[in-house]
Amino acid sequence: MCQLFINADSRLWTCRTKSLRIDGVVTSIRLEEFFWDILEEVAFRDQMTVNQMITKLYLESLDADHDIGNFTSFLRVCCSRYLSLVADGNLSREDAILLNDIDATQVLEQEKLRTSVRKSQYTDASIKPSLN
């Protein structure tokens, strides 16, 4: 298992800091290259620049009254959730549909159900494999 992670391209976990202007304020965001790559993919998919997408996420988070005190963590989770939704079949990486045009309510309901099923499997002692 570890070889999948240890032998990956080491560039993926190097950090890069990017300065951008959000709502007129200059800020810096420091993320691993892996996450910058995913943000670039998502931004390209929605036909915007990474800066435009980050600004949109920030402003929409504020509008939703989210506590975004740790915005870089929020961006990491966004990237991870995107990949999780792809892995679960809710999204396709090759799809030309803008994320903005996807029925978020339906996708979130499917995700909630799938998460509930997974968690029940993790806590069901009768189906846990023996470590011996």
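## The strand hairpin

Cysteine 15 stands opposite glutamate 32 of strand 2. In this predicted model, the two residues belong to an antiparallel pairing in which strand 1 (residues 15-22) and strand 2 (residues 25-32) are joined over 8 bridges.

The two strands form a hairpin, with 2 residues between them. In the turn, aspartate 23 has a positive phi of about 55°.

## Overall architecture

The chain holds 5 helices and 2 strands. Read from the N terminus, the order of elements is α-β-β-α-α-α-α. The C-alpha trace spans about 55 × 35 × 30 Å along its principal axes.

Of the 132 residues, 23% count as buried. Among contacts with a sequence separation of 6 or more, 47% are between residues 24 or more positions apart.

## The nonpolar core

The largest nonpolar core has 22 residues, and the members that touch the most others are Ile29, Leu31, Trp36, Leu39, Ile54 and Leu75. At least two residues of this core come from each of strand 1, strand 2, helix 2, helix 3 and helix 4.

Tryptophan 36 may be examined individually. Leaving aside residues up to four places away in sequence, tryptophan 36 touches Arg16, Lys18, Ile29, Leu31, Val50 and Ile54. Of these partners, Ile29, Leu31 and Ile54 are also listed among the core members with the most contacts to other members.

## The largest pocket

Two or more lining residues are given by each of helix 2 (33-45), helix 3 (50-63), helix 4 (71-87) and helix 5 (104-123). Helix 4 provides the largest share, 7 residues.

By class, the lining comprises 18 nonpolar, 3 polar and 4 charged residues.

## Glutamine 110

Glutamine 110 is located in helix 5. Its relative accessibility is 34%, and it therefore counts as partly exposed, a class that lies between the buried limit of under 20% and the exposed limit of over 50%.

Conventions:
Residues numbered from 1 in each chain as written. Predicted model: local features only at pLDDT ≥ 70, side-chain atom pairs only at ≥ 80, totals over all residues. Heavy atoms only, no water. Pairing = 2+ DSSP bridges. Helix = DSSP H or I, 4+ residues; strand = E, 2+ residues; numbered from the N terminus. Nonpolar A, V, L, I, M, F, W, Y, C, P; charged D, E, K, R; others polar. Core = buried A, V, L, I, M, F, W, Y, C linked by side-chain atoms within 4.5 Å. Buried < 20%, exposed > 50% of the residue type's maximum accessible area, 1.4 Å probe, protein only. Contact = heavy atoms within 4.5 Å.
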